[in-house]
2 protein chains.
Amino acid sequence: MTSRRELCVIGLGLIGGSVLRAADRAGWTVWGATTSPVDAAAAAGQGCTVEPDVGSALRRAAADDALVLLAVPFTAVEDVLTSVARHAPRCRLTDVVGVKEPVAAAVRRHVVPGTRYVGSHPMAGTSASGWAAGSADLFDGAPWVVSVDGGGDRAVWADRAVWAEVAGLALDCGAHVVPATAAEHDAAAARVSHLPHLLAAVLASVGARGGPLALALGAGSFTDGTRVAASHPELVRAMCEGNRVALVDALDDALGQLGAARAELASTGMVGSTVRAGHLARRAFDASRGGSDRGSVQVDLETPGAMERLRELGRLGARVTALHGTRCQVVL
Amino acid sequence: MTSRRELCVIGLGLIGGSVLRAADRAGWTVWGATTSPVDAAAAAGQGCTVEPDVGSALRRAAADDALVLLAVPFTAVEDVLTSVARHAPRCRLTDVVGVKEPVAAAVRRHVVPGTRYVGSHPMAGTSASGWAAGSADLFDGAPWVVSVDGGGDRAVWADRAVWAEVAGLALDCGAHVVPATAAEHDAAAARVSHLPHLLAAVLASVGARGGPLALALGAGSFTDGTRVAASHPELVRAMCEGNRVALVDALDDALGQLGAARAELASTGMVGSTVRAGHLARRAFDASRGGSDRGSVQVDLETPGAMERLRELGRLGARVTALHGTRCQVVL
């Protein structure tokens, strides 16, 4: 496992720019590239190393044996992977895109067999976008999924080293690492990340259709419920459309429950079961935030079945809070 | 119009307790009563005047000619109105319940013709409840609806004096006054206050049904979107069920839009129109928060048609920011 800690970030928007700042703060050697002249100028203006184009940044990564991190919208992934295949075909690769199965499929199409890829996704963000909106603190305490999908034996061993490097980056950025497969991530993200954006959009529209009086009466519940509708719509669209199958499933769940609430309210005048179920669910969520009272375990990445063990723990909501060599500290 | 500024608050939970503190701070003579021993003890412990029961608080209001404010859950309104009819049948009456037409109907059933009633509703709150959760600052900058429903000529004149007194209380509490009819309030509140609670409940449930991993990945969008699901479920239930007709209408709007998004995503893979419409709506909401650049007007309550003028202005999203004698300063 590498100890050189060099990182090449492609895409210098909110997430990529924040990773670059946080990794730099943690002592990594970092450089980046972006197709956005605004973000490039802003990053360079803060003293960051910005290569003139994506190709040169990737060639430097190949020469220096750096970890490459893709931080572009899902719709730009295919283009950037074409560049990776050309300029750094044997690099260690990760990404921070909000969907994992489609990105992994794109990686398989473009850059196998040379590239060693482990997908990742920090669950952090704001409704703002671009380099200027980022900060080195963005990931403090946030969950950051690092994929534990394994291939054959050799691939698993390769993945394990890259997994540790990507997990180390996430921890260095102040996040805690949640191990999950790409499919598990996408199903969960549809429910807790993509669906919230669509519900916020619908709520904002329903409010606005009530006219100026309704908007004038919008207070805490409306402000909170529509906050992420302020996000850049093209980024939200790309994120949601990239996770189509899992998101349709989550939408069906939401439509079923909302329809049941509507039917109960219209027929019996009551919404108690919907409200109580939601309250219990939110309390479960709050409890899961409240830190651990279920103890912690260690998982050594060099032991057989380590990745499977991490995957099982992740499914229980566990998170890796530290990595010492190959030993993961896992908090339940 | 009275200048004695005496206020009797029935119910000392989050809202009632906050009104009592804010009015006290503004120089009103205030006292309260509650059926909750916990809230009564907490309020008395902070030096507030708490009468031993609702009846004695109302008798004092009748003797002192004080304004009576009902701050109880909708489900308790009928009971308290029975007490009002018995102990203070000719008082000036307002309330801060989250639905206005059903409360107005209950007032007509119980306490006419002696009572002069003007309903109101401060659009403020937190997910906590009870006296301990309240504060004198709760209404700072918040919209506070004061109903402008008028009766016959005499009733309108009577209402106008009570309207000014209730509006003055809201302004003294730091809020701005939004004039609206009870029906307009209920339709708007269904969209921007009651629907957000049901969407938050459904989102929380959909997230929890994704298991511990999904909850572990919940970040900003899930936290914001489910925040009000932490509210006391019986209060949410009472609020939603009290506004049944308007809320079914808002739910149908939300179900229609969410269903359209689902259909578009499943068939074409796109959700752009939903996301863009929500984004524009949220920007309109933000713009409506951003203070006025459309100027202000004065409306004198003593001029003919004043209440109708206020109602028209409220429908445009205007708010009363000050009241000097009978002259309302209205900001567009």
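## Interface between chains A and B

In this predicted model, 91 residues of chain A are in contact with 91 residues of chain B. Contact means that the C-beta atoms of two residues, placed from the backbone, lie within 7 Å. Helix 7 (residues 182–208) of chain A gives the largest share of the chain A side, 21 residues. Helices (H or I, at least four residues) and strands (E, at least two) are DSSP runs, numbered from the N terminus.

By residue class, the chain A side holds 54 nonpolar, 21 polar and 16 charged residues. Nonpolar covers Ala, Val, Leu, Ile, Met, Phe, Trp, Tyr, Cys and Pro; charged covers Asp, Glu, Lys and Arg; the others, Gly among them, count as polar.

Residues are numbered from 1 along each chain as its sequence is written, and chains are lettered from A and ligands numbered from 1 in the order in which they are written. The model is predicted: local features need pLDDT of at least 70, side-chain atom pairs count only at pLDDT 80 or more, and totals for chains, interfaces and linings use all residues.

## Helix 12 of chain A against helix 7 of chain B

The axes of helix 12 (residues 272–289) of chain A and helix 7 (residues 182–208) of chain B come within 7 Å and cross at roughly 55 degrees. Axes are lines fitted to C-alpha atoms, for helices over the stretch in contact, with angles from 0 to 180 degrees between N-to-C directions. The two helices are therefore oblique to each other. Under 35 degrees counts as roughly parallel, over 145 as roughly antiparallel, 65 to 115 as roughly perpendicular, and the rest as oblique.

Helix 12 of chain A contributes residues including Thr274(A), His279(A), Arg282(A) and Phe285(A). Among those from helix 7 of chain B are Leu198(B), Val202(B), Ser205(B) and Ala208(B). The contact divides into 11 nonpolar, five polar and one charged.

## Domains of chain A

Chain A is assigned domain 1 (6–180 + 298–331) and domain 2 (185–289). The bounds come from an automatic or database domain assignment. Their C-alpha centres lie 29 Å apart.

Across the boundary, 16 residues of domain 1 of chain A are in contact with 15 residues of domain 2 of chain A. On the domain 1 side, helix 5 (101–111) and strand 7 (143–147) each supply at least two residues. That side divides into seven nonpolar, seven polar and two charged.

## A hairpin in chain B

Strand 10 (residues 319–324) and strand 11 (residues 327–331) of chain B pair in the antiparallel sense over five bridges. Pairing requires at least two DSSP bridges. Arg319(B) has Val331(B) as its bridge partner in strand 11. Two residues lie between the strands of this hairpin, and Gly325(B) in the turn has a positive phi of about 65 degrees.
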